[in-house]
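Work through the exercises below with the model open. Try each task before reading its solution.

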Amino acid sequence: MPFVTAVCRVHQLIPDSGTVGVTAIDKRPVTDPLRVRPLGLHGDVQANRKDHGGEDQAVYAYADEDAAYFSTVLGRPVEPGLFGENLRTSGIEVSTAVVGERWRVGDGLVLEVTLPRVPCATFARRMKVDKWVRTFTDANRTGAYLRVVRSGAVQVGDRIERFDRPAHGITVADVFAGLGRDQAVVLLEGGRGLPYKIEAVARKVLSGVPASL
């Protein structure tokens, strides 16, 4: 059974050379249960709210399996929170989760997969690895953002049940790689409550305009 292996929230805002001047990417594991509401985990924050946070990006999940891949690439452990994730998971597809699939976590929390994580300059500065954005992009192991369908608590060891998966089958990895015309049609016709960013990209694809997240 898939389960939560770590729950992380911002430890401190740290200086950053980007336009905001600070970043909240420094997430670290906590041991106590945390309440999760429509805008994310209790006590978590986003410094750059233009590009991060909001209901479609309330929770960021990353898989132990993908972290293990990058541990090999980097030659060092990818500890929980290093990528700025809120949840570290084991035993469930995250980077290849279907857009709109729903997870029941623990006793009451329900989350819905929305978007891939798009690497940015802040992430690159955090990692201090040459050409990190390109390395992360090429691997297409982005993890997934989730919206909160039903609020609840989360803690280490909570079971994760994927109980609803849309028939369109288009994954966050597909979206990150770039939607084709047929995929755009399928999403617009059958995607339940599509995140506005994906809907906008799909409509641009159908109109012949190059588009990405």
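**Exercise 1. Find how much accessible surface the chain has, and what share belongs to carbon and sulfur atoms.**

Solution. The accessible surface of the chain is about 10200 Å². Carbon and sulfur atoms hold 50% of that surface. Areas come from the Shrake-Rupley method with a 1.4 Å probe, and for residues only the protein chains shown count as cover. This is a predicted model: local features need pLDDT of at least 70, side-chain atom pairs count only at pLDDT 80 or more, and totals for chains, interfaces and linings use all residues. Residues are numbered from 1 along each chain as its sequence is written, and side-chain values use heavy atoms, with hydrogens and water left out.

**Exercise 2. Locate the buried residues of helix α1 and say what covers them.**

Solution. Helices here are DSSP runs of H or I, at least four residues, and strands are runs of E, at least two, numbered from the N terminus. Helix α1 spans residues 64-74. Its buried residues are Asp 66, Ala 67, Phe 70 and Leu 74. They sit on the same side of α1, because their arc around the axis is only 100 degrees. The arc uses the directions from the helix axis to the C-beta atoms. The cover includes strands β7 (59-63) and β8 (87-90), and helices α2 (121-127) and α3 (132-139). Gly 75 follows α1, with a positive phi near 75 degrees.

**Exercise 3. Is Ala 61 buried or exposed, and what does Ala 61 touch?**

Solution. Ala 61 lies in strand β7. Its relative accessibility is 0%, so Ala 61 counts as buried. Now list the contacts (heavy atoms within 4.5 Å). Leaving out residues up to four places away in sequence, Ala 61 touches Leu 87, Val 94, Trp 103, Gly 143, Ala 144 and Leu 146.

Terms used: Buried < 20%, exposed > 50% of the residue type's maximum accessible area, 1.4 Å probe, protein only.
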